[in-house]
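Hi everyone, thanks for coming. Have a look at the model on the screen, and then I'll walk you through a few spots in it.

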Amino acid sequence: MPERYRTVVGAFGWAMAPAAGCVIGVLGGSLGETLIAAGAFVGAHLITLPNSAGRRLSLSAMVAVAAWLLTDSSLVVIGGAAIGLPIGLVLIRLRLGPKAVTNLFPAESVALAAAVGVLWAGRLAIGSIDEKGEVGHLILVTLAAGAWYLVAAFVRVVLPIRPRRVFRRMVWWEALADGPAYLALVSAGALFGLTYPVLGWWSVPLAGLPYAFSHLALDRLAQTRRTYRQTIMALGRIPEAGGYVEEGHARRTAELARSIGAEMGFGPFRVQRVGYAALLHDVGRVVLNDPSIAEYTQRDLAQWSAAIISESASLESVATIVARHKDPYRRPGEERDPELPREAQVVQVAATFDRSVVRNEVGPPEALELLHRGAAYDYDPEVVAALRRVLQRRAVEGV
């Protein structure tokens with residue numbers, strides 16, 4: 001389909017959703033409540049909540065939870081979402097750019113549909129809400145909120161826009177990391193929905209307080225993590241600025257090391273740790289400015305790097321990896337050094353591969369062959385095999 005026709009069809013779909021929401025409100029006999037819910041969904045995109053990674057999340061889950069607790073009819077939520085979500089997504093696109101819409105759509109729409117399905121299925125399974133009372137209602141809303149969170153995370157993983165080189169397993173962990181943000185949203189929405197019948201609009205500031213504290217805490221956490229990463233990246237560039245290593249070596253090695261770690265099944269924290277170690281593995285070369293250093297070994301460089309990194313208490317685990325990344329994975333007569341961290345071999349393999357390609361100017365297949373030749377003692381064959389799979393995933397020619 002030509003691009004202009006896709007644009008027309010998309011615009012028609014976005015325009016029809018609010019019209020369908022109004023029809024749902026009329027048929028359900030609650031047009032006023034539906035329009036109020038629609039306004040809340042629009043506002044949910046104007047006031048966003050940051051997650052720990054700094055990505056912005058809309059407050060749609062909070063609005064839906066509050067609406068479910070205040071009304072027995074899911075049609076109010078469905079109609080309000082049909083009107084409010086498209087308008088809110090257009091506004092957030094204008095405010096934060098098209099990337100923000102990519103993150104939210106279609107995850108929000110599919111998650112809402114899954115949550116409503118859980119509510120309806122729960123009602124059929126345990127009977128009407130009137131028979132079960134408020135506790136049964138609250139249980140169903142809690143299950144629906146959990147379905148929203150999990151389905152939204154899943155949709156972000158399976159989106160076709162993800163590049164081939166991104167590991168879906170790591171994207172899944174990243175999506176699940178939104179848990180604290182979703183918990184804050186659901187808690188604030190539940191607090192409003194439960195207290196509004198008693199306190200009226202005074203429940204707005206009551207529910208807004210925990211949301212405000214969560215917003216402040218998550219925003220500061222995202223800023224701290226961003227500053228932390230930027231500081232480590234800046235430290236990793238010091239050897240490049242001094243001319244000791246090739247330009248971009250630390251960044252390329254870190255990217256490759258993270259991919260190898262993900263391919264080998266490392267969890268998100270191990271992948272992050274091996275990435276930091278790869279960024280900083282050459283920082284010890286700065287001591288070569290000292291004229292008293294005439295001779296040194298690669299192991300000396302690793303120890304110097306580790307000594308510098310270990311000055312930061314939060315990087316002690318990274319320093320341990322860097323200190324051992326020049327050690328062979330086994331010695332004659334041994335199966336494997338049991339004390340050698342697997343992350344150290346990942347850094348060694350990634351760094352050696354990048355140097356072979358950039359410094360020695362050999363192709364990726366030749367660099368990979370050099371690693372295979374050293375797999376008897378120097379390089380862990382499992383890590384080298386994981387590197388090959390990463391290169392094949394990236395469609396590197398000749399691998």
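**Helix α13 and the cores**

Let's start with helix α13, where the buried residues are Val 271, Val 274, Gly 275, Tyr 276, Ala 277, Ala 278, Leu 279 and Leu 280. Buried here means under 20% relative accessible area, exposed means over 50%, and partly exposed is in between, with a 1.4 Å probe and protein chains only. Helices are DSSP runs of H or I with at least four residues, numbered from the N terminus.

A word on the source: this is a predicted model, so local features need pLDDT of at least 70 and side-chain atom pairs count only at pLDDT 80 or more, while totals for chains, interfaces and linings use all residues. Residues are numbered from 1 along each chain as its sequence is written, and side-chain values use heavy atoms, leaving out hydrogens and water.

Back to α13, which covers residues 268-280: its 13 residues reach 19 Å from first C-alpha to last, close to the 18 Å expected at 1.5 Å a residue. That expected span is 1.5 Å times one less than the number of residues.

Now, which residues have the most contacts inside the largest nonpolar core? They are Ile 260, Ile 309 and Leu 387, in a core of 41 residues. By nonpolar core I mean a set of buried Ala, Val, Leu, Ile, Met, Phe, Trp, Tyr and Cys residues joined through side-chain atoms within 4.5 Å. Our friend α13 gives the most to this core, with seven residues.

Take Ile 260: leaving aside residues up to four places away in sequence, it touches Val 346, Ala 350, Val 383, Ala 386, Leu 387 and Val 390, where contact means heavy atoms within 4.5 Å. There is also a second, separate core of 38 residues, which includes Val 77, Ala 115, Val 116 and Leu 218.

On to the aromatics: the whole structure holds six aromatic pairs. Rings of Phe, Tyr and Trp (its six-membered ring) pair if their centres lie within 6.5 Å; planes under 30 degrees apart are stacked, over 60 edge-to-face, and the rest tilted. Tyr 149 and Tyr 182 are a tilted pair, because their planes sit at 55 degrees, with ring centres 5.4 Å apart. Tyr 149 is in helix α7 and Tyr 182 in helix α9, so the pair ties together parts 33 residues apart in sequence. Both Tyr 149 and Tyr 182 are buried.

Finally, ring pairs link Phe 192, Tyr 196 and Trp 201 into a cluster. Phe 192 is buried at 16% relative accessible area, whereas Trp 201 is exposed at 59%.

Conventions: Helix = DSSP H or I, 4+ residues; strand = E, 2+ residues; numbered from the N terminus.
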